[in-house]
Amino acid sequence: MKIIALLLCSVLLCAGCAKEEAPKDYQQREKQLVLSYALEDVTYRPFVEAMKVMAKELENYSGGKITLMEKRQQQFSVNSDLMLETVMNTLDMCLVPVNRLVSMTKGPLLVAVPYLMRPTVMESVMAPGSPLIKQILQDIPRQDTRLVGVDIWYGGYLQFLMRDHQVLSPADLKDQHVWVRGMGPDNEFLLAMDAIPCEMSFTSGIYALRHGYLDGIMLPISMIVSNHLYENMHFLSITNHARMNYVLLFSLAVWDKLTQKEQHWVHQAAKKAGMFVRDLTGELEEIDLSRLKHADFMRIVEPDPDLFVKKADYVRNFYLKHLPVQAALMREITQEVMKHQAEQKVAEAAAAELRQIAEMP
């Protein structure tokens, strides 16, 4: 009987441990909590679908007590800053490019700096919810910014899309007017290429491109397709010279009202949604590039990315010199990338050797 009693206690203890993610056991929140969010580009399918994934995960964790509601960008003024709306708590949550944080903190900006070298394995190194991501998000000063960084999501690699000018090397960018979202690595990268960065909002940038006021833009392929920019632009250079990162921000006023368990659920839901958007973005990039090639919308070239990497060396050196506190993090990211690249080469060599053995008579 004692043994049976001990076994029953063990079962009850295990059931208690599983309560955190069991909706039926969640009774702490009496009233339903509806969290509003907004996306900068509502046409970009991976982020739209990822927010649906996050909403579903949160509803499962909370037993339906926490739900997400999208507020379309049109509800705000054309030039409104979604991040400012979140600071003021007219929005509970927003998803914006990491570069938007440049005016507030330099920490997350470092995610954008290593990508100026040729990226090959950044998806595994900078996966949503990874220790590196958590370390970067800690650099967002909550009390000063009134924002809480929840996770960083991958939005694709940047390519050069030009109206009437083919880009085969950095020399082809000289004196070209190229859209940039704001100050930061993208701006400095263009200056290193001797291009003329034109700072404006995304909406204004798309308008300027379509009406011929700009020569080019740097965007992931999926965003080029989702915004139908192939209808106005004629040259696409696949350089993979940068990794586009978005940060999921919470209003501090809302975050502080969540319990620790609910905050944990938000992080877990964001991580799962981030992994979803990473995988979907990769799939769509391949599909969209294939579509562009076969439909013959524009001339597509693949220049040597090392030419751009070498030209942008001083940008990385600038950040290493002027941000000594965060430079250690930047070096850590770079070392992780190099480590994964080395492991990838070893795996490829082993696979090639096995193929040779298999082909032997």
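**Helix packing and loop contacts**

Author: Helix 2 passes helix 11 in a right-handed crossing. By convention, a crossing is left-handed if the near helix is turned anticlockwise from the far one by less than a right angle, and right-handed if clockwise. Helices (H or I, at least four residues) and strands (E, at least two) are DSSP runs, numbered from the N terminus. The model is predicted, so local features need pLDDT of at least 70 and side-chain atom pairs count only at pLDDT 80 or more, while totals for chains, interfaces and linings use all residues. Residues are numbered from 1 along each chain as its sequence is written, and side-chain values use heavy atoms, with hydrogens and water left out.

Reader: Which residues of helix 2 and helix 11 meet?

Author: Contact means heavy atoms within 4.5 Å. On the helix 2 side the residues include Phe 47, Ala 50, Val 53, Met 54 and Leu 58, and on the helix 11 side they include Trp 265, Ala 269, Phe 276, Val 277 and Leu 280. The residues of this contact of helix 2 with helix 11 comprise 16 nonpolar, three polar and four charged. Here Ala, Val, Leu, Ile, Met, Phe, Trp, Tyr, Cys and Pro count as nonpolar, Asp, Glu, Lys and Arg as charged, and the others, Gly among them, as polar.

Reader: At what angle do the axes of helix 2 and helix 11 cross?

Author: Axes are lines fitted to C-alpha atoms, for helices over the stretch in contact, and angles run from 0 to 180 degrees between N-to-C directions. For helix 2 (residues 45-62) and helix 11, the axes cross at roughly 150° and come within 8 Å. Angles under 35 degrees count as roughly parallel, over 145 as roughly antiparallel, 65 to 115 as roughly perpendicular and the rest as oblique. Helix 2 and helix 11 are therefore roughly antiparallel.

Reader: What span should helix 11 have?

Author: The expected span is 1.5 Å times one less than the number of residues. The 36 residues of helix 11 (residues 260-295) should span 52 Å, and the end C-alpha atoms are 51 Å apart, which agrees. Just after helix 11, Asp 296 has a positive phi of about 55°.

Reader: How do helix 7 and helix 13 pack?

Author: Helix 7 (residues 185-192) and helix 13 (residues 313-322) have axes 9 Å apart, at an angle of about 135°. That makes helix 7 oblique to helix 13. Among the residues in this contact are Phe 189 and Leu 191 of helix 7 and Val 315 and Phe 318 of helix 13.

Reader: Where does Gln 166 lie?

Author: Gln 166 is in the loop between strand 4 and strand 5. Leaving aside neighbours within four places in sequence, Gln 166 is in contact with Asp 172, Phe 235, Arg 299 and Val 301. Asp 172 lies in the loop between strand 4 (147-162) and strand 5 (177-180).
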